[in-house]
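Here is a short tour of one protein model, written to be read with the structure open beside you.

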Amino acid sequence: MTNNVQCKSRGVNRWIMSMIRNRRILVGLQDEKRVILIRKGCPQGGILSPFLWNLVVNELLEYTWDKMPSDLQGFADDMSLVSIVTAPKRPNGKPGYDADTLREVTQKSLNSVNAWCKRSGLKLSHLKSHCVMFTNRRNWSFDRPLKVDGAEIDVLGSTKFLGIILDSKLSWNEHIDNLCKKTKGILMQCRRVVGPTWGFKPATMRWVYDVMVKPILSYGATIWVNGTKTKHNQQLLSGVQRLANVIITGALPTTPGSALDVINGSPPLHLWLAEEAAKGALRLKNLGHWLPPPAGRANMRLTSHITTIENTLRSIPECKLERDETTPKLCIDQQFEIEIPTRESYHEKDYTEFGATCFTDGSKTSEGVGSGVVINATIGGETINHEESYHLNEHCTVFQAEVHAVGQAATYLLEKEVKDQSILINCDSQSAIRAINSTIIRNHTILETSRKLNALGKSNTVLLRWIPAHQGHEGNERADTLAKNGANMSDNPTMVKLPIPRGVCYAALRRKTIAEWRRNFKISPPKVFSTMWRDRFSKELPKLGKRDLRTATQILTGHACLNYHLSKINRDIAPTCSLCQEENETVEHVLAKCPKLWELRVEFFDSHFTTVRDIVDRHTLSHIVNFLHRTGQLKTLEAK
């Protein structure tokens, strides 16, 4: 095999070579067909194809600095050369700038790549290669162009690498503009099957937006998050969300976008993307791939995305704490067994068959989180009855407490050097049992518990079994009492400090996003919406159907199919009320003032005349919507 990498099985080698050399394809054109023998490349979509390509390209990626004075990065068959040159300082002490030196370094690297391609039977295409100079300078030039086999390589203002467009100034404007056009195209396709009063339900369209559209926007946001700081890009992003909100609610085109964000519970996209970028950074930190901020001049205009995200994370106390995460670990050879019977088929084991029987539990109260362990064992003629409660640190979850309790039972038995015994550990959390027995573990607490059980299982027979909670099982009830004592700090429990779950950091990031969203909203809230909105409506709105949600949106924003608003769109429509002809027909007039609707108002609101503030304070949103439907005003005007 290439690069002296060989498989010990000759049969596998022959099978791979046969697959590569004896591939045939059938090509048809009109009535003529021909079988062609493929002499180059790997099968597209084949499982082995990436591995075989890696064997080939690995030699190039391992080139030393003397052969490749640039940083060569590869993803599958896409390669990128990154050349950086620091020129000598000028007489005034400022850093110099030398484009020609940069070109020479890049050309040397290109020559090395081209020579390797020829030796490997490959060809470096100048048509598929291009160069981008990342600089803030407007005027720069090479003394001669970059070439591959005598053919010039184009110098462009931007390039696309792994789905992200990198422009020469790293402003990310082109990338964000491209994303907005793409996602708007998807939403416009959805709009063809959704109307103001027909089509997909609002819940379905929310799912489409949250699951299909927003992930497209957030791809790689950790890299280009700084691009969302400019007003131009924020307006582009708000246009995408506004279109989605209009499709979901069926609102009129004139409805304020900030009000629609609140109605749908969607933070502005630039704030949401900053949150997603911080989440991505946390995941990279967990994998050990997060780099420190790059060193640079104090007067640099370009701020690194790493610096931006680090500032965000430092502003959140929870993100400074140790997280309960680890790089994924493969755990195949488990030295213990699990048993999860159904609730109906559960029966207690004969505890006399086991040398040690353990009961574990976790609990969370208003005072905190705790875990409890009960161990009854007879070892070497010695009877052991051990009970202990633990108080876990702030932010811990019940799930962590359940896993921790199992781990503490195993720790106690290991310290007692228990050997050649049958051990039963009862746990009333099925999710904890399945997590501990998982083949891939990404959680530090679970990993430590799994390792302790495996260590115990090497010299004992260990069974981790589910037991129904609160069913009167004596050992389980005692463990539950100990866990609650630990949570409430009763009986001097042992203090335990565990890493916090990732969800705690995510929740803190969401609170920061919402807080900033509310601050920005209070600066210039829509007038009618600020009067009509109540926070409790956020729970009612997702339950409304398409027709009711559209009406509710018109009520809350004032942009309704009533004469006053329609007269601003069409001057031929009179703004006065079509029933009383006394005042402008607004939402406030129809709900609280129109004399022609006093009987209906008494039926719904127990008052002849009232105020909209009183109505929204005392009644549910669905009740108000039903009143407006009973008036027939919206229905009549929509039909026109």
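Contact means heavy atoms within 4.5 Å. By that rule, and leaving aside neighbours within four places in sequence, R103 is in contact with F142, D143, R144, P145 and L146. R103 lies in helix α3, residues 99–119; helices (H or I, at least four residues) and strands (E, at least two) are DSSP runs, numbered from the N terminus. R103 counts as buried because its relative accessibility is 4%, where buried means under 20% relative accessible area, exposed over 50% and partly exposed in between (1.4 Å probe, protein chains only).

A word on the source: this is a predicted model, in which local features need pLDDT of at least 70 and side-chain atom pairs count only at pLDDT 80 or more, while totals for chains, interfaces and linings use all residues. Residues are numbered from 1 along each chain as its sequence is written, and side-chain values use heavy atoms, with hydrogens and water left out.

Now please look at helix α21, residues 598–605, where L600, R601, F604 and F605 are buried. Why do these residues sit on the same side of α21? They cover an arc of only 100 degrees around the axis, the arc being that of the directions from the helix axis to the C-beta atoms. An α-helix has 3.6 residues a turn, so residues three or four places apart point the same way. The cover over the buried residues of α21 includes α20 (587–593), α22 (612–618) and α23 (621–631). After α21 comes D606, with a positive phi near 60 degrees.

Most residues other than glycine have a negative phi.

Stepping back, the protein has 24 helices and 19 strands. Its C-alpha trace spans about 95 × 90 × 75 Å along the principal axes. The radius of gyration is 34 Å, whereas a compact globule of 640 residues would have one near 26 Å; this radius is taken over C-alpha atoms, and the globule rule is 2.2 Å times the number of residues to the power 0.38. Buried residues make up 44% of the 640 residues. Among contacts between residues at least 6 apart in sequence, 68% join residues at least 24 apart.
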